[in-house]
Amino acid sequence: MALTVSLIAIIAAIIIGWKLKVNAGIIGMGFAFIIEVFLVEGGKVSTVIGYWPTTIVFYLIAIALFFNYATNNGTMDLLGKNLLYLLNGNAKLIPWVITIVCAIVAFMGAGASTPAIIGPLAFSIGLAADIHPILLAISVGCATMIGGDNPINGFGGVISKGLIGETSFAQHADQISYYVWFNACIKQFLVILVVYILFKGFKAKKIQVEKPEPFNAVQKKQLWLLILALVAMIVPTILNTWFSSPVLAKIAALTQPQSVMIIAAILSIFLNLGSEKEVIRKIPMNTIILIAGMYMLLSVAKDAGMTDTIANIMSNNIPAFLVPAALVGFAAFLSFFSSGTGVVCPLLYPMVDGLAATLGLNPVMLFSCVFVGAMSSSVSPFSTGGAMTIAGCQDEKVKDQLSTWMIPVAIIIPICVMIAATLGLFGFFHI
């Protein structure tokens, strides 16, 4: 009974959130408490509260506390403009420059807000060069995921790594999360390349890009702090791997992304890089509540046997070689109406244990199929990423057209990814 009701509750939370435009995480929390107390023997409210994903939530707050400074004081916007200026009027490279700029800005901490930062400039330049709006939208949307899904400071990558840490592959969570990201980057690059060819981005008109204003004193400090923070998050860990020593081990232990971002946020306060109150106000609580609430509901459902049941159904009814495509398709379908990172990955990642053990499939490939599938339909105007990308277009006529065009695009991409998954595109990495 608990399993059946849990499955109904998950679907109901997604539909209610989508239809009523409310946070599905809050709905999920409510369902989790009711199912746990009334349908689970010995169920308690405290058990559900214990499912709150502390590590993931802290990570997301740490990211926002630091990187919101760079967004608020204009550093990210100006960085993007300077990178775009480097195209020097070579219009056929505009989609690729937009891709590189969005990926860098997203990696530097802008994450999902990258379309709002770079989108208006990208569409302005691209439309002036007669580049098709779909190519511009794909360049912005896919490149944002390339940079924003990294496992170091990206929402998607951080959540992916945290969820892998909850499976039997926890000891390889860091390694697998990077492999999943690499596979996702390959998929995003191929999508941009195919769309570039189909919509003839190489035939764009030459345009003139105005030189952006120089960085002011605050933005220069912010840029240096961003660079130092990224170096601190990456270099000590690499050095400790190559030259293991007690001192390097301590430094590497301290310079984990969570602690680095908190320390960098403190430095931002004392360097007067922005308003602390404004930074705190812009912490993405809507996203955090969605992720945490659905995670709590999914944890209750998992205890009721949902994960094992779905894994058994797939193991016994789908040929092994079609399982990757099935995971991509299922993840893409759910992501079309809900959050890929907040709903789809927490729902499907736990299935990897059973599928890998039962069918002998590569777990890296299975995690990648779920993650890539969840992100495949994220260009849909119904998803947060797709809506933000379209919103970046300042031409109202083109914006309306994109709202219609991106629906079939968000269907075609997952179908192509399903074919690629069946052909083994995501099976190159192993643990």
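Cysteine 185 counts as buried, at 17% relative accessibility. Buried means under 20% relative accessible area, exposed means over 50%, and partly exposed lies in between (1.4 Å probe, protein chains only). Cysteine 416 has 46% relative accessibility and so counts as partly exposed.

This is a predicted model, in which local features need pLDDT of at least 70, side-chain atom pairs count only at pLDDT 80 or more, and totals for chains, interfaces and linings use all residues. Residues are numbered from 1 along each chain as its sequence is written, and side-chain values use heavy atoms, with hydrogens and water left out.

Now look for disulfides. The structure holds 0 of them. Cysteine 185 is in none, and the nearest cysteine sulfur, in cysteine 142, is 11 Å away. A disulfide is a pair of cysteine sulfur atoms within 2.5 Å. For cysteine 416, the closest cysteine sulfur also belongs to cysteine 142, but at 12 Å that is too far for a bond.

Step back to the whole chain. It has 22 helices and 0 strands. The radius of gyration is 22 Å, close to the 22 Å that the globule rule gives for 431 residues, so the chain is as compact as a globular protein of that length. That radius is taken over C-alpha atoms, and the rule is 2.2 Å times the number of residues to the power 0.38. Helices (H or I, at least four residues) and strands (E, at least two) are DSSP runs, numbered from the N terminus. The C-alpha atoms fill a box of roughly 65 × 50 × 45 Å along the principal axes. Of the 431 residues, 54% count as buried.

Next, helix H5, residues 75–85. Its buried residues are Thr75, Met76, Leu78, Leu79, Gly80, Leu83 and Leu84. They pack against helix H4 (54–72), helix H6 (94–110), helix H7 (114–128) and helix H11 (217–242). Contact here means heavy atoms within 4.5 Å. Across the chain, residues 24 or more positions apart make up 80% of the contacts with a separation of 6 or more.

Finish at helix H20, residues 363–376. H20 is mostly covered, with 14 of its 14 residues buried. From first C-alpha to last, H20 reaches 19 Å, close to the expected 20 Å. The expected span is 1.5 Å times one less than the number of residues. At the start of H20, a side-chain oxygen of asparagine 362 comes to within 3.0 Å of the backbone nitrogen of valine 364.

How values were computed: A polar contact is a pair of N or O atoms within 3.5 Å; within protein, one must be able to donate a hydrogen and the other to accept it, and residues adjacent in sequence count only if both atoms are side-chain atoms.
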